[in-house]
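Colleague: Hi, could we look through this one together? I'd like to talk about the inside of the fold.

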Amino acid sequence: MATTRKNAKKKKLVIVESPSKAKTIGKYLGSTYKVVASVGHVRDLPKSKLGVDIEEDFEPQYINIRGKGDVIKELKKESKNASQIFLATDPDREGEAISWHLAYILGIPPEEVQRIEFNEITKDKIKDAISKPRGIDQGLVDAQQARRVLDRLVGYQISPLLWKKVQKGLSAGRVQSVALKILCDREAEIKNFVPQEYWTVSALFKKDKEFTAKLIKKNGKKLTIANKEENDQILKDLNNSEFTVAKVDKKKRSQKPYAPFTTSSLQQDASAKLGFNPRKTMMIAQQLYEGINVKGHGTMGLVTYIRTDSVRISSEARANAKTFIINTMGKEYYNSNFYSNKKKDIQDAHEAIRPTDIRLLPSDVESSLSSDQFKLYNLIWRRFIASQMAASVADSVGADIKSGDYLFRATGSRIIFDGFRKIYQTGDEKKDMLLPELQEEEKLIPKSIEGEQNYTQPPNRFTEAGLIKELEDKDIGRPSTYAPIVATLTDRKYVKRSKKTLIPTELGMTVTDLLKEYFKDILDVDFTANMEDQLDDVEMGSVQWKDVIRNFYKGFEKELEIANKEIEKIEQKVVLTDEVCEKCGRPMALKNGRFGEFLACTGYPECKNTKAIVKKIDVKCPKCGIGDIVARKSRRGKLFYGCSEYPECDQVFWYKPTNKKCPLCGSLLLQHKLKNSTLSCSNSECKYKE
């Protein structure tokens with residue numbers, strides 16, 4: 001039964017989450033439709049309490065979200081005046097749940113719900129979706145409910161324990177805590193690593209050109225050189241010995257292109273190639289998905305839906321890619337590549353991330369995009385086109401060179417057909433390094449033979465992209481959770497960034513050690529991965545969501561009870577500073593709070609004085625001429641720059657001041673990244689930029 005109203009002159013209502021998405025879709029549908037935004041969720045579990053009735057079979061206690069009153073009022077008003085209502089939230093669990101909650105709030109009977117979904121925001125896809133409404137997919141809703149309730153049970157019952165036993169402001173999360181454990185385990189590996197000495201022996205030859213061969217075997221067995229004595233004996237054995245080419249291998253090696261992007265691989269590649277952190281990548285990708293005003297084309301979504309585990313692409317997109325590649329690069333560059341998902345079929349619900357129209361070259365849209373938007377669109381466009389191109393081919397030559405009982409190996413290669421590399425760089429490109437022409441049984445005379453001392457290296461710390469790959473490989477979390485996990489770990493001061501790597505803090509290690517001891521299942525990688533599988537089963541309708549919760553809570557409840565009884569208060573290490581409390585004269589200590597580090601008097605609770613940590617930037621205050629400009633953080637954690645003489649001087653800048661003066665008005669220039677400049681005048685009435 002359609003959601004149809006009596007008055008035919010009434011407009012049809014389409015509800016989406018985002019105002020920018022609403023704006024884009026509204027332009028496609030015309031004057032007979034009204035498109036409005038719910039601005040995300042309108043109904044959720046309360047923030048002030050657990051919100052899950054454990055005694056009533058884990059029934060969620062949903063409420064209208066505080067602050068959404070005006071939005072809900074407007075949605076109800078529009079729905080009453082509509083001839084038909086379409087719920088057009090995102091095509092995933094979260095989007096399905098938002099539509100489900102909207103139907104409840106607006107009083108739409110289940111049999112009248114008209115849910116539409118689309119993988120890309122283009123005119124044709126939106127109109128096609130409007131013509132094919134469906135009901136609510138309860139499997140998707142229940143999978144979202146199960147995750148929400150699980151995360152609430154864990155977060156709202158372990159976090160207060162951490163507040164009481166460790167320090168205020170801490171949090172624990174079902175997936176977040178596993179991610180932190182992975183980082184802490186790697187840090188322990190690094191700390192406990194004992195370097196092992198080993199040596200490598202290389203011979204330098206010259207025939208037309210110089211080339212190097214490495215010693216790999218002795219008497220047909222792999223050779224490991226453990227110390228200098230063994231190295232010196234080998235060099236002695238090789239001294240004045242004869243070198244003969246034993247075998248020459250010539251092969252053609254091909255490398256296939258990578259699959260188009262999933263959420264995870266996009267975050268990883270954007271990190272490696274563009275230096276974007278996961279949060280930034282997803283923010284920009286969302287903008288490209290929801291709609292950009294492209295010159296000559298109007299407002300349109302430039303990429304398909306950005307939260308996906310799938311590498312599948314539609315037959316239409318494949319056909320368009322084929323035509324484009326053959327017409328612009330030639331038949332030899334095209335190959336019909338199919339990619340399959342390693343995991344469940346459930347993750348094939350969406351396509352991979354790709355351009356909505358491959359004819360829109362990055363160069364065509366560059367002037368309509370910000371610098372970062374262009375970089376990400378360019379990356380997505382090239383990865384997709386490359387995925388449908390031919391493999392690159394290289395000539396590869398290997399030569400075995402024998403000397404008595406010892407065997408050396410020399411290798412070389414040269415790209416003879418670039419294939420997909422024509423438009424997409426993999427990061428492992430090397431200069432051509434071909435060996436000279438060598439013949440079997442040919443005698444060679446080394447220019448030099450040298451041994452080099454080496455030591456085994458500890459494993460590398462994870463980068464943000466590396467952690468996301470690890471989570472994906474271990475089947476922990478889902479595309480929508482990767483970026484928030486990393487952000488939460490850094491925001492909570494469990495992890496700090498150093499040269500793009502993630503290092504657990506002492507606080508992070510303390511929390512992980514405590515959770516490992518008392519909440520083994522929560523911290524167990526396999527347990528968490530199995531829970532993700534169960535959520536997939538809920539989505540497919542083979543398992544009831546409350547069964548998943550019940551089974552989980554049996555063990556968790558016991559662990560929680562034991563932890564509350566046994567965990568002693570953990571005293572945090574006091575880090576003293578050179579600062580002295582101006583109120584009582586005691587030394588100030590470094591503390592961690594919700595918005596980062598601050599100074600607190602060691603005389604607490606008698607003296608409760610605290611001070612922000614300020615950092616001078618070697619710029620004098622232009623207003624008072626006495627104070628220095630220092631970096632500070634607002635109550636919400638936002639960085640700003642102000643005078644050290646505050647409150648006497650209230651000079652404030654939201655961007656970093658420099659000692660450079662504006663040539664037009666003489667005010668300080670501020671340092672920040674604009675589209676075509678990096679400095680701008682601090683005088684709001686002066687528009688100077690450079």
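Colleague: What volume does the largest cavity have?

Modeller: The largest cavity has a volume of about 30 Å³. A cavity here is a set of points, on a 1 Å grid over the protein atoms alone, where a 1.4 Å probe fits but cannot get out. Points are joined across faces, edges and corners, and the volume is the space filled by probe spheres set on them. Before we go on: this is a predicted model, where local features need pLDDT of at least 70 and side-chain atom pairs count only at pLDDT 80 or more, while totals for chains, interfaces and linings use all residues. Residues are numbered from 1 along each chain as its sequence is written, and side-chain values use heavy atoms, with hydrogens and water left out.

Colleague: Thanks! Which residues line the largest cavity?

Modeller: Arg-174, Ile-522, Phe-527, Thr-528, Met-531 and Phe-552 do, lining residues being those with an atom within 4 Å of a point. Helix α17 (residues 525–540) gives the most, with three residues; helices are DSSP runs of H or I with at least four residues, strands runs of E with at least two, numbered from the N terminus.

Colleague: Switching to rings, how many aromatic pairs does the structure hold?

Modeller: There are 15, counting Phe, Tyr and Trp rings (the six-membered one for Trp) with centres within 6.5 Å; planes under 30 degrees apart are stacked, over 60 edge-to-face, the rest tilted. Tyr-33 and Phe-86 make a tilted pair, 6.5 Å centre to centre with 40° between the planes. Tyr-33 sits in strand β2 (residues 33–37) and Phe-86 in strand β7 (residues 84–87), 53 residues apart.

Colleague: Are Tyr-33 and Phe-86 buried or exposed?

Modeller: Both are buried, meaning under 20% relative accessible area, with exposed over 50% and partly exposed in between (1.4 Å probe, protein chains only). Another pair, Phe-58 with Tyr-553, is edge-to-face, at 5.3 Å centre to centre and 70° between the planes. Phe-58 is in the loop between β4 (52–53) and β5 (59–60) and Tyr-553 in helix α18 (residues 545–566), so this pair ties together parts 495 residues apart in sequence.

Colleague: And which cluster do ring pairs build there?

Modeller: Ring pairs link Phe-58, Phe-519, Phe-527, Phe-552, Tyr-553 and Phe-556.

Colleague: Last one: how many residues has the largest nonpolar core?

Modeller: That core has 61 residues, and Leu-376 is among those with the most contacts inside it. Such a core is a set of buried Ala, Val, Leu, Ile, Met, Phe, Trp, Tyr and Cys residues joined through side-chain atoms within 4.5 Å. Helix α12 (residues 371–387) supplies the largest share, nine residues.

Conventions:
1 Å grid on protein atoms, 1.4 Å probe; cavity = no way out; pocket = protein on both sides within 12 Å on 5 of 7 lines; lining within 4 Å.
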